[in-house]
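Hello,

Here is the structure I promised to pass on to you. Please have a look at it first, and then read on for what turned up.

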Amino acid sequence: MKRVISKLAATTALVVGLSSPAWAQVEVEWWDFLAGGDGVRMKALIDEFNAEHPDIEISGTTLEWGLPFYTKVRTAVAVGQGPDIMTYHLSRLPLALEEDVLSPISAEDLETAGISTSDFFEASITAASTNDGQLMAIPFDIHSIVAHYNRTALEGTEWLDEDGNLTNLNSIEAMTEMLIWAKENGFSDPLSYQTSGGGGTWRMFYTLLSQQGGEILTDGEVLAGDNFDKAVTAIQTLADWRSEGLIPEQASYEAGVALFSGNKAVLHINGVWEVPTFKDQTEAGTLGFEWFANEVPQMMDQPATWADSHAFAIPNDPEMTDEMRNAVLTVIGWMQEHSLAWAGAGHIPAYKPTVESAEYAALEPNATYASLADNAAFDPRSKIAGVASPIYDAVDNLIAPAVHGFLSAEDATAQMKDQLQGLLN
């Protein structure tokens, strides 16, 4: 951890005089994994914070998303060379606890930051805490998949209500009927997403599993009881759509996005982080149709949508000074109060005062799909789950092949159960 409290700087400032720029008293070393639009928005927030706080300066570094980031954090914290603050996926919290890389967040810390747990959506606070309720990170957003859709194509159909929102998609059969209609009306791949594996396939599978009330883990057992059958149903649903030509064959992430923007898919289920993509195309006049986004329809027993959170975490550093910790908490509190700017990336701020503001209510389609915060289905609380985890290996090696007809849904589920259980035993 780096601390910059320079006596020389203070002395020089006195000599030069009050007209000189103020010297930073505390330099906060910041690590994140934010690229693209997320990275641009976070850089702007950091610049704004620095401009407003002459006594604190954030020195930001962006590292590679996924496994490289978390490997770097684990190694750096172990040798006392980690940052003072970092972004963290809450889905990685169980593994972080096992690796002992995070510093607990106390009630006094929250008070210093000027926030409280009641300021945040319950699902995100639960995901940010240990099983016994100890807060380990502070959520910044809830990012989930949403249903991006072609309003122009659906205009006048039974699947669009008078306000232009999706409707009458309250079962797998109803969704299938709509997708078949789209196929018959010239959409080559009616529902697009990343079907080749990876995050896209996991998010679709986990949403369908969660909408059945299914769970990957119960009391340390993988797909125990009827959870096995619910997993089979989720995989088979996707496989049926694939066999009917309603979702694309082996589409990469980029291809899934392009199929929608290229008017080949009427529906695109992907993260809220793609909202700026379609907004930008609309403003540039290159999209070619009216677009909007809603919460993923409830097609099964209960509303549920895969979700994760970007959060702020403090590395476990016994040598961190009170001055540095207070500076870090000041940063965290300020970021929450300015999270409307982060919502521009499509994310739902985890900080409820922002979501409840008039400014957020005017931000569309965010305000319309903000309801998903109450139905957020976070990844299983386990070291085998979360970003760049063994579950993603199971998606690539088992779930995606089953969707594309290379093995049965039952076999894929059985092999996934055995593989993941073996990692827990």
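Over which ring does the charged end of Arg203 sit? The ring is that of Trp306, and the charged end lies 4.8 Å from its centre. Please keep in mind throughout that this is a predicted model.

A second contact of this kind involves Arg151, whose charged end is placed over the ring of Phe292 at 4.0 Å from the ring centre.

Now to the aromatic rings. There are 17 aromatic pairs in the structure. One of them is formed by Phe49 and Trp334, an edge-to-face pair with 5.4 Å from centre to centre and 80° between the planes. Phe49 and Trp334 are both buried.

Another pair is made by Phe69 and Tyr70. Their ring centres are 5.1 Å apart and their planes stand at 90°, which is over the 60 degrees required, so this pair is edge-to-face as well. Phe69 has a relative accessible area of 0%, so it is buried. Tyr70 also counts as buried, because its relative accessibility is 1%.

Ring pairs also join Trp30, Phe140, Phe312 and Trp342 into a cluster.

The other element I would point you to is strand β5 (residues 141–150). How many of its 10 residues are buried? The count is 10 of 10, so to speak a strand that is mostly covered. Its pairings are these:

- β5 runs antiparallel to strand β13 (residues 348–349), joined by 2 bridges; here Asp141 is opposite Pro349.
- With strand β11 (residues 305–308), β5 again has 2 bridges in the antiparallel sense, and Ser144 faces Ala307 as its opposite residue.
- Strand β9 (residues 267–271) is antiparallel to β5 over 5 bridges, with His268 as the bridge partner of His148.
- Strand β10 (residues 291–295) and β5 are joined by 5 bridges and run antiparallel; Tyr149 stands opposite Phe292 there.

Best wishes

Methods: Residues numbered from 1 in each chain as written. Predicted model: local features only at pLDDT ≥ 70, side-chain atom pairs only at ≥ 80, totals over all residues. Heavy atoms only, no water. Phe/Tyr/Trp six-rings, centres within 6.5 Å; stacked < 30°, edge-to-face > 60°. Buried < 20%, exposed > 50% of the residue type's maximum accessible area, 1.4 Å probe, protein only. Lys NZ or Arg CZ within 6 Å of the ring centre and 35° of its normal. Helix = DSSP H or I, 4+ residues; strand = E, 2+ residues; numbered from the N terminus. Pairing = 2+ DSSP bridges.
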